[in-house]
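Let's take a friendly walk through this structure, one neighbourhood at a time. Keep the sequence and the 3D view open as you read.

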Amino acid sequence: QVQLVESGGGSVQAGGSLRLSCAFSGDTFSDYVMGWFRQAPGKVRKFVAAISPGGNSTYYTDSVETRCIISRDNAKNTMYLEMANPKVGDTAVYSCAADDPSNTKGYEFWGQGTQVAVSS
């Protein structure tokens, strides 16, 4: 069974930087599309970024495209999200998810999330 564990959250000042990690286990990491999502207080969960199995294609939501870099290290079974100049509006629980493109289940596996709090 695939397991995902996020780390790297916490409190950060606006204008700083943060780096989140997502550790993958239980299957072949390089087979999966990986994504980051976030849920702000009182809001629905929203897509942030995704990366193809080989890491050569990336996708971002408009609000973070110029400030975020999603990456993965298939040798370490780990995905990352780096954010520059975080804003108070980026405060949310950030979750990683895994999508096996060989089926139609979409993002089938989810981590428990890591809280990011951006203060001004």
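Start at Thr-91, which sits in the loop between β8 and β9; helices (H or I, at least four residues) and strands (E, at least two) are DSSP runs, numbered from the N terminus. The model you are looking at is predicted, so local features need pLDDT of at least 70 and side-chain atom pairs count only at pLDDT 80 or more, while totals for chains, interfaces and linings use all residues. Residues are numbered from 1 along each chain as its sequence is written, and side-chain values use heavy atoms, with hydrogens and water left out.

The side chain of Thr-91 makes polar contacts (pairs of N or O atoms within 3.5 Å; within protein, one must be able to donate a hydrogen and the other to accept it, and residues adjacent in sequence count only if both atoms are side-chain atoms). A polar atom of this side chain lies 3.0 Å from the backbone oxygen of Val-88, and the side chain also reaches the backbone nitrogen of Val-118 at 2.9 Å. Leaving aside residues up to four places away in sequence, Thr-91 touches Ala-40, Pro-41, Gln-115, Val-116, Ala-117 and Val-118, where contact means heavy atoms within 4.5 Å.

Now move to Asp-90. Which side chains does Asp-90 meet in a salt bridge? One is Arg-38, at 2.8 Å, N to O, and another is Arg-67, at 2.8 Å, N to O; a salt bridge here is a side-chain nitrogen of Lys or Arg within 4 Å of a carboxyl oxygen of Asp or Glu. The second pair links distant parts of the chain, with Asp-90 in the loop between β8 and β9 and Arg-67 in the loop between β6 (58-60) and β7, 23 residues apart. Asp-90 is buried, with a relative accessible area of 2%, and Arg-67 counts as buried at 11% relative accessibility. Here buried means under 20% relative accessible area, exposed over 50%, and partly exposed in between (1.4 Å probe, protein chains only). Arg-38 is buried as well.

The structure holds three salt bridges. Another of them joins the side chains of Glu-108 and Lys-105, at 3.6 Å, N to O. Glu-108 is partly exposed at 32% relative accessibility, whereas Lys-105 is exposed, with a relative accessible area of 56%. Salt bridges that share partners join Arg-38, Arg-67 and Asp-90 into one network.

Next, turn to the cysteines. A search of the whole structure finds one disulfide, defined as a pair of cysteine sulfur atoms within 2.5 Å. Cys-22 and Cys-96 form this bond, with their sulfur atoms 2.1 Å apart. Cys-22 lies in strand β3 and Cys-96 in strand β9, so the pair ties together parts that are 74 residues apart in sequence. The torsion about the S-S bond is about 70°, so the disulfide is right-handed. Both Cys-22 and Cys-96 are buried. Cys-68, by contrast, is in no disulfide, and the nearest cysteine sulfur, that of Cys-96, is 15 Å away. Cys-68 is also buried, with a relative accessible area of 4%.

Not counting residues up to four places away in sequence, Cys-96 touches several residues, including Leu-4, Glu-6, Trp-36 and Met-79. Two of these names take us to strand β1, where Leu-4 and Glu-6 make up the covered face, while Gln-3, Val-5 and Ser-7 make up the uncovered one. β1 pairs with strand β3 (residues 17-25) in the antiparallel sense over five bridges; two strands pair if DSSP finds at least two bridges between them. In β3, Phe-24 is the bridge partner of Leu-4.

What does the side chain of Glu-6 reach? It reaches the backbone nitrogen of Gly-113 at 2.9 Å, and a polar atom of the Glu-6 side chain also lies 3.2 Å from the backbone nitrogen of Gln-112. Glu-6 is buried yet has no salt bridge, and the nearest side chain of opposite charge, Arg-45, is 8.1 Å away. For charge, Lys and Arg count as positive and Asp and Glu as negative; His and the chain ends are not counted.

Finally, look at two asparagines. Phi of Asn-77 is near 55°, a positive value in a residue other than glycine, and Asn-77 lies in the loop between β7 (68-73) and β8 (78-84). Phi of Asn-85 is near 50°, again positive in a residue other than glycine, and Asn-85 is found in the loop between β8 and β9 (92-99).
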